[in-house]
Amino acid sequence: MTCGPGRVLALTAVCAVLGVVGLTPVSAAPVPAAAVPAAPVSAAADSVAPNILTPQQAVDEGAATAASDGIDQYVALVDRSTGKLMASTGGDTQVVSESIVKLFTVAYYLVRYHGDLPSQMATDLHEMIVHSDDRIESQYWTTAAVPRVAQRYSLAHTANGAKTGPHDWGWEYITAADEAMFLYRASQDPMVGPFLMAAMSDVAPAGADGFDQDFGFNSLDGDHGSKQGWTDLDTSQAINIHSVGWTDRYFGAILETSPTPQYSQMRHDSTITVDLIAGLQSNAEIQAAEGTALSSAAADLAMRVGAVIRHVLGVIVPPAG
């Protein structure tokens, strides 16, 4: 079949029209970041919007949000599979532990009994984590717990505090980086990990004193665990609200302090940061999402080009007859 003058003229016109509408080859049309659809989200974060942030960007964004509310937020993330510190903002800043210290009490006794706790003690310590029961912590508290556990897991910035005493706990010094690393190392410890991780997976929506524990890591669905800490409600002074735990990919700690008692706002800001962490995607997931977006853009472009060509050919070379 020959290409007569009419077809040549038609093809020339098509090229001109394509230039007018600004259609370019697919390879030269980058897809803006905002147009990249989300990759499938794992069950651990099935109620959390995915994002394309890096771990450091996520914790920085969360801390900035808290700072805008007058809250100091210190955050650290450790990769669950490798134990590598992936992100930190203020991660080495020491703060008062509140009930986070109960994790150390449990670990202390698990090591002391080689992972095989007496039946009643096992029941008590599980309940202490699930409902953050202060009465049980006071029953089992020992000033030896924090130094022994910090030494076992090489936690350089974790120690008893100036107000720590034989009958006074919750004043111990912890950091976000130490807490996240503690969770990783304890999870790998056959004497500690099975019991402690199971208890943290069962944390209830409310504490023994009625405090709302549905924030931070405890607000997640799917694969998660948590331990919450807070300053007693009967205060008008500076307070602390903490959440440590894990998502499907990271162990993390979010430690918050405020010069005024902003309980609800601090819980809210802790949850914002956890949602950013839970929404993080792997490089492979991000690349897959970008590939899907490019394929979609290419298909859309092909449809537009085809429509233009059909229209131009129909105008310049009308059907015979």
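## Helix 4 against helix 8

Helix 4 passes helix 8 in a right-handed crossing, where right-handed means that the near helix is turned clockwise from the far one by less than a right angle, and left-handed that it is turned anticlockwise. Their axes come within 8 Å and cross at roughly 45 degrees, helix 4 spanning residues 119-131. Axes here are lines fitted to C-alpha atoms, for helices over the stretch in contact, and angles run from 0 to 180 degrees between N-to-C directions. Helix 4 contributes Ala-122, Leu-125, His-126, Ile-129 and Val-130 to the contact, and helix 8 contributes Phe-195, Ala-198, Ala-199 and Met-200; contact means heavy atoms within 4.5 Å.

This is a predicted model, in which local features need pLDDT of at least 70 and side-chain atom pairs count only at pLDDT 80 or more, while totals for chains, interfaces and linings use all residues. Residues are numbered from 1 along each chain as its sequence is written, and side-chain values use heavy atoms, with hydrogens and water left out.

## Other partners of helix 8

Helix 8 (residues 193-201) also packs with helix 3, at an angle of about 150 degrees and with the axes 10 Å apart; the two helices are therefore roughly antiparallel, and their crossing is right-handed. The contact joins Leu-103, Val-106 and Leu-110 of helix 3 to Phe-195, Leu-196 and Met-200 of helix 8.

With helix 7, the axes come within 8 Å and cross at roughly 125 degrees, and these two helices are therefore oblique to each other. On the helix 7 side the contact is made by Phe-182, Leu-183, Ala-186 and Ser-187, and on the helix 8 side by Gly-193, Leu-196, Met-197 and Met-200.

## Nonpolar cores

The largest nonpolar core has 49 residues, and those with the most contacts inside it are Leu-103, Leu-125, Phe-182, Leu-196 and Met-200. Such a core is a set of buried Ala, Val, Leu, Ile, Met, Phe, Trp, Tyr and Cys residues joined through side-chain atoms within 4.5 Å, buried meaning under 20% relative accessible area, exposed over 50% and partly exposed in between, with a 1.4 Å probe and protein chains only. Helix 7 (residues 176-187) supplies the largest share of this core, 8 residues. A second, separate core of 15 residues includes Val-48, Ala-87, Phe-217 and Ala-278.

## Helix 6 and its surroundings

In helix 6 (residues 145-152), Ala-145, Val-146, Val-149 and Ala-150 are buried. Seen down the helix axis, the buried residues fall within an arc of 115 degrees, so they line one face of helix 6; the arc is that of the directions from the axis to the C-beta atoms. Helix 3 (102-112) and helix 7 are among the elements that cover them.

## Positive phi in loops

Ser-132, in the loop between helix 4 and helix 5 (134-140), has a positive phi of about 50 degrees although it is not a glycine, and at 4% relative accessibility Ser-132 counts as buried. Glu-98, placed in the loop between strand 3 (95-96) and helix 3, has a positive phi near 50 degrees and counts as buried at 14% relative accessibility.

## The chain as a whole

The secondary structure comes to 10 helices and 7 strands, taken as DSSP runs numbered from the N terminus (helices H or I, at least four residues; strands E, at least two). Buried residues make up 46% of the 321 residues in the chain.

How values were computed: Angles under 35 degrees count as roughly parallel, over 145 as roughly antiparallel, 65 to 115 as roughly perpendicular and the rest as oblique.
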